[in-house]
Amino acid sequence: MPKLWDDSIATHRHAVRTATLDATAALVAERGLTGVTMSEVAKRAGVGRATLYKYFPDVESILTAWHDRQVGDHLRQLTEIWTGTGRLEAVLEAYAFICHEHPPSEPAASLHRSEQVVRAQEHLVEFLAGLMTDVRDDVPPKELATYCVHALGAAGAVPSKAAVRRLVAVVLTGLRGEAGR
């Protein structure tokens, strides 16, 4: 719970925003996207509703900010995996598991259409394209990256972790042009 006043106004604002997004994450995990209300977020964050309204005009803006934070966390996770392993396979598998753990739903569809998510997906494609410069010489890396993002997005609809791993294997085979070999 943020203190009424922190060391500075900027620190206080950051603490309120973080507490709000953490409270939202907990509520989404418990109740789903449609179960989040301004009153519950304020209560969980330890701030008054009037304070919360100074930061966010409505629940949709809180959910968008929370989702943006999650997307940023996922991009950082993929970057760390690449830095730690240097293996494209590890990055693609991690992305597939992120998709599997966050399957698409009707309420989530509106969050995925936000401008920030579109930019994040473009960033993801650019990141992956940078990892694919030596994969093939007959297809541009950005096209390969776009293929991977869309194909692995299907991991949200597969029933098990084993199915996710099989999907990754199929995508890697297609990526490298090894079909029929």
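Modeller: What follows is a conversation about some helices and residues of this predicted model.

Biologist: At what angle do H1 and H4 pack?

Modeller: Helix H1 and helix H4 pack at an angle of about 90°, and their axes are 9 Å apart. That makes H1 roughly perpendicular to H4, because angles from 65 to 115 degrees count as roughly perpendicular.

Biologist: Which residues meet there?

Modeller: From H1, the residues are Arg17, Thr18, Thr20, Leu21, Asp22, Thr24, Ala25 and Val28; from H4, they are Ile62, Leu63, Ala65, Trp66 and Arg69. By class, the contact of H1 with H4 has 7 nonpolar, 3 polar and 3 charged residues.

Biologist: Staying with H4, is Glu60 buried or exposed?

Modeller: Glu60, which lies in helix H4 (residues 59–85), is exposed, because its relative accessible area is 60% and exposed means over 50%.

Biologist: How far apart are Glu60 and Met38 in sequence and in space?

Modeller: Glu60 and Met38 are 22 residues apart in sequence, and their C-alpha atoms are 9.7 Å apart in space.

Biologist: And what about His74, buried or exposed?

Modeller: His74 is also in helix H4. With a relative accessibility of 19%, His74 counts as buried, because the cut-off for buried is under 20%.

Biologist: Which residues is His74 in contact with, leaving aside neighbours within four places in sequence?

Modeller: Once those neighbours are left aside, His74 is in contact with Ile98 and His102.

Biologist: Let us turn to H2. Which of the residues in H2 are buried?

Modeller: Helix H2 covers residues 38–45, and Met38, Glu40, Val41, Ala42 and Ala45 are buried there.

Biologist: What do those buried residues pack against?

Modeller: The buried residues of H2 pack against helix H1 (9–31), helix H3 (49–55) and H4.

Biologist: What follows H2?

Modeller: Gly46 follows H2, and the phi of Gly46 is positive, near 80°.

Biologist: Which residues of H7 and H8 meet?

Modeller: Gln121, Leu124, Val125, Glu126, Leu128 and Ala129 of H7 meet Pro141, Lys142, Ala145, Thr146, Val149 and His150 of H8. The contact of H7 with H8 divides into 7 nonpolar, 3 polar and 2 charged residues.

Note on methods. Residues are numbered from 1 along each chain as its sequence is written. This is a predicted model: local features need pLDDT of at least 70, side-chain atom pairs count only at pLDDT 80 or more; totals for chains, interfaces and linings use all residues. Side-chain values use heavy atoms; hydrogens and water are left out. Contact means heavy atoms within 4.5 Å. Helices (H or I, at least four residues) and strands (E, at least two) are DSSP runs, numbered from the N terminus. Ala, Val, Leu, Ile, Met, Phe, Trp, Tyr, Cys and Pro count as nonpolar, Asp, Glu, Lys and Arg as charged, and the others, Gly among them, as polar. Buried means under 20% relative accessible area, exposed over 50%, partly exposed in between (1.4 Å probe, protein chains only). Axes are lines fitted to C-alpha atoms, for helices over the stretch in contact, and angles run from 0 to 180 degrees between N-to-C directions. Angles under 35 degrees count as roughly parallel, over 145 as roughly antiparallel, 65 to 115 as roughly perpendicular and the rest as oblique.
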